[in-house]
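Here is a friendly walk through one protein model. Take a look at the structure below, and then read on.

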Amino acid sequence: MPKVALPELARARSLADHFAPRFLRDVGVFPFEAADRRPTLAMGDPMDRHALKAAELALGAACEVVVASFEDIAAALGEQGETARPAGPAEPGREENLDNLRDLASGAPVVRAVDDLIDKAMERRASDLHLEPARDGLVVRIRVDGLLRALAAPLGVPPHALISRIKIVSGLDIAERRLPQDGSARLRTARGELDIRVATMPTPHGESAVIRLLPRDRGLLDIKRLGMSERDEKTLRRLIDQPHGLIIVTGPTGSGKTTTLATLLSELNQPFRKILTIEDPIEYELPGVAQSQVKPEIGLSFAAAMRAFLRHDPDVIMVGEVRDPETAAIAVHAALTGHLVLTTLHTETAAAAAAPRSA
């Protein structure tokens with residue numbers, strides 16, 4: 001099928017005034033009059049027969065169909081909506097009208113596509129959902145048991161609309177596309193309540209997003225559900241029953257380090273124990289545990305929090321991750337002076353945690 005780009009759409013005589021703007025944004029269609037005065041539809045999904053029939057009904061004529069990217073269609077619709085306003089210098093990072101983008105991201109197809117992706121990721125027990133714009137579309141992957149696996153991208157939904165929807169849900173600024181952003185939200189899904197942590201980052205083809213999925217099912221925080229052998233489970237229970245010492249959970253990204261630590265803390269959480277944590281970020285909220293989040297901009301690092309913890313008479317200390325020699329030294333000191341310390345190291349194997357760093 002013929003393909004058109006934004007410059008051609010911008011020059012064409014628009015027929016958008018025959019339609020509700022939201023319909024055009026939701027289905028990804030830009031109606032215009034071709035050079036031979038025939039009504040033509042630029043469609044992001046030319047196989048959407050329902051949208052084609054609805055457009056022909058609105059125009060009262062059969063339409064030619066050409067293909068355009070969803071981004072170009074949204075931009076063309078945005079430019080048509082801006083024609084009545086005085087022209088001014090373009091703002092960097094705002095190629096489209098933000099109101100149009102917000103409406104598009106709140107439309108039923110986009111909302112349904114995001115809900116679908118999250119539901120499929122949860123069904124497969126994924127810890128993370130990755131959305132990565134590419135030159136020819138959107139790459140969707142999920143991390144299951146530490147490994148990334150491909151997931152089918154939604155059809156007929158512009159990638160930037162998906163990312164914008166996720167940013168809106170997690171309280172991020174959809175107008176800012178040049179800088180990384182972090183946000184969070186609590187969602188109610190068919191599979192129960194879910195906490196998400198969202199991180200976005202600009203790329204040459206649009207913003208990418210990574211969503212950490214944290215089901216709020218408290219039954220997850222149970223040692224029996226960690227998947228250990230009976231022998232390993234007994235060993236772990238014996239270790240956390242010790243009054244002091246250092247327990248280090250190791251593994252690559254998405255291998256379950258945070259979930260394992262949260263499970264151990266849930267097991268240790270008793271009225272006769274004072275438990276303090278420093279995390280980045282706080283992923284599981286544990287009632288009865290004093291949890292803090294690192295804030296490097298004000299000097300609250302893992303090491304700074306650890307030094308403060310020792311003055312608060314704790315029984316158990318959890319440090320989200322050992323990232324520097326100072327934090328490691330304080331953790332070892334705390335373990336040697338009557339505290340049980342739980343932490344993680346980002347290593348591929350348990351043996352690598354004790355290996356000397358190469359020069």
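Leu246, Ile248, Val332 and Leu336 make a nonpolar surface patch of about 360 Å². Such a patch joins nonpolar side chains (Val, Leu, Ile, Met, Phe, Trp, Tyr) within 5 Å, from residues with over 30% relative accessible area and no salt bridge; areas come from the Shrake-Rupley method with a 1.4 Å probe, with only the protein chains shown counting as cover for residues. At least two patch residues come from each of β11 (245-250) and α11 (325-336). Helices (H or I, at least four residues) and strands (E, at least two) are DSSP runs, numbered from the N terminus.

## About the model

This model is predicted: local features need pLDDT of at least 70 and side-chain atom pairs pLDDT 80 or more, while totals for chains, interfaces and linings use all residues. Residues are numbered from 1 along each chain as its sequence is written, and side-chain values use heavy atoms, leaving out hydrogens and water.

## Salt bridges

The whole structure holds 16 salt bridges (a side-chain nitrogen of Lys or Arg within 4 Å of a carboxyl oxygen of Asp or Glu). In one of them, Asp128 pairs with Arg212, with the closest N and O atoms 2.6 Å apart. This pair links strand β5 to strand β10, 84 residues apart. Asp128 is buried at 4% relative accessibility, whereas Arg212 is partly exposed at 21%. Buried means under 20% relative accessible area, exposed over 50%, and partly exposed in between (1.4 Å probe, protein chains only).

Another bridge joins Glu207 and Lys167 (2.9 Å, N to O).

Key. Patch = residues over 30% accessible without salt bridge, like charges linked within 9 Å, V, L, I, M, F, W, Y side chains within 5 Å.
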